[in-house]
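Dear colleague,

Please find the structure below, handed over for your study. A short account of the findings follows it.

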Amino acid sequence: MICDNCKVREAEVYQAHSGKRLCRKCFMKDIRERVKKESLKIGLDKASKILLAVSGGKDSYVLADTLSSFIDSNKLIAYNITEGIQGYNRYEQIVQLKRYLSSLGIELIEDSFKQGVGHTLDEMMKYSRNKGLNVSACTFCGGFRRKLINNAGRTVSADYVATGHNLDDEVQAIIVNLIRGDIIRLIRFADKPIKLSSKFVLRVKPLRRVYEWETTLYAYYGGYQFQEVECPYISTKPTLRSKVRELLYTLEDKKPGALLSILDEFDKIAEKVRKQSELKEELPTCKICGEPTSYGREICKNCELLISSGLLDP
Ligand code: SF4
Ligand code: ZN
Ligand code: ZN
């Protein structure tokens with residue numbers, strides 16, 4: 001079968017949401033164009049510095065590859081955090097990514113929880129369990145990761161922090177937060193970011209309109225292959241998120257393009273809520289670490305976790 005786009009090469013990919021059969025080259029071009037369109041909407045082309053938060057996985061590769069196709073690579077700088085989890089060593093992935101980033105002329109800053117927080121994730125979990133706390137590793141990990149990424153963005157004077165979240169990640173998170181009724185968190189998923197504190201570097205997700213299967217295939221076509229290592233802290237119990245993921249896949253299967261439609265509708269609603277959120281006063285700052293915290297809080301969640309684990313004096 002011939003590619004629906006170039007009408008020359010053999011088609012290799014069926015894109016159910018567009019109904020097109022594409023050759024490898026046209027498929028990769030389509031992904032780059034969609035990432036560019038989303039990035040121009042946000043204004044990434046006008047930024048003087050963008051910090052790419054990379055994990056070493058396939059989405060990190062797709063993020064760097066697509067952005068560097070239309071943004072000067074000296075405006076891009078990558079940042080990676082090692083959590084310090086025994087049995088979850090992504091050393092090979094990071095080495096491969098570092099080599100690739102360097103071929104694009106992008107520097108990689110390597111950080112860790114040990115350096116940035118003072119403790120590895122395993123140490124934080126050990127202390128919190130000894131104190132009888134029932135807090136998941138992902139709560140520690142997500143909170144400190146956000147904080148370190150934001151700090152790194154400020155340190156390099158980035159206008160934006162770009163993450164590699166794809167369409168599947170994005171719609172799952174939107175539905176989970178809708179179910180939980182968490183409007184402030186929900187607004188973070190808007191296409192155009194809202195700055196609730198002058199200490200926050202705006203976070204953007206240039207891959208948010210690209211399906212996960214597309215990022216996997218793009219990375220594979222780009223020659224970026226490795227064994228994904230699974231974090232030992234990943235819950236084996238069904239979570240709200242995993243149930244939402246299954247439901248969304250069933251929906252997408254029955255109605256290709258459903259995830260893109262949900263995101264489009266969400267962006268329209270978010271635009272209206274944004275106007276109200278922008279009127280809100282600046283987020284308060286934590287009296288211990290000085291970083292922004294939620295409305296009504298004196299101490300941020302991260303410092304609170306360290307205090308209750310016995311790793312920080314109140
Ligand atoms: Fe961190 Fe592992 Fe949880 Fe991912 S699964 S957020 S790496 S603890
Ligand atoms: Zn083609
Ligand atoms: Zn704090």
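In which sense do strand 3 and strand 4 pair, and over how many bridges? Strand 3 (residues 50-53) and strand 4 pair in the parallel sense, over four bridges; two strands pair if DSSP finds at least two bridges between them. Helices (H or I, at least four residues) and strands (E, at least two) are DSSP runs, numbered from the N terminus.

Please note that this is a predicted model, in which local features need pLDDT of at least 70, side-chain atom pairs count only at pLDDT 80 or more, and totals for chains, interfaces and linings use all residues. Residues are numbered from 1 along each chain as its sequence is written, while chains are lettered from A and ligands numbered from 1 in the order in which they are written.

Within strand 4, Ala 78 is the bridge partner of Leu 52. Ala 78 also has a bridge partner in strand 5, namely Leu 108. Strand 5 (residues 107-112) pairs with strand 4 in the parallel sense over six bridges.

Strand 4 (residues 76-82) is largely enclosed by the rest of the structure, because five of its seven residues are buried. A residue is buried if 20 or more other C-beta atoms, placed from the backbone, lie within 10 Å of its own, exposed if 12 or fewer, and partly exposed in between. Glu 246, in helix 10 (residues 240-254), counts as exposed because it has 11 C-beta neighbours inside 10 Å.

Yours sincerely
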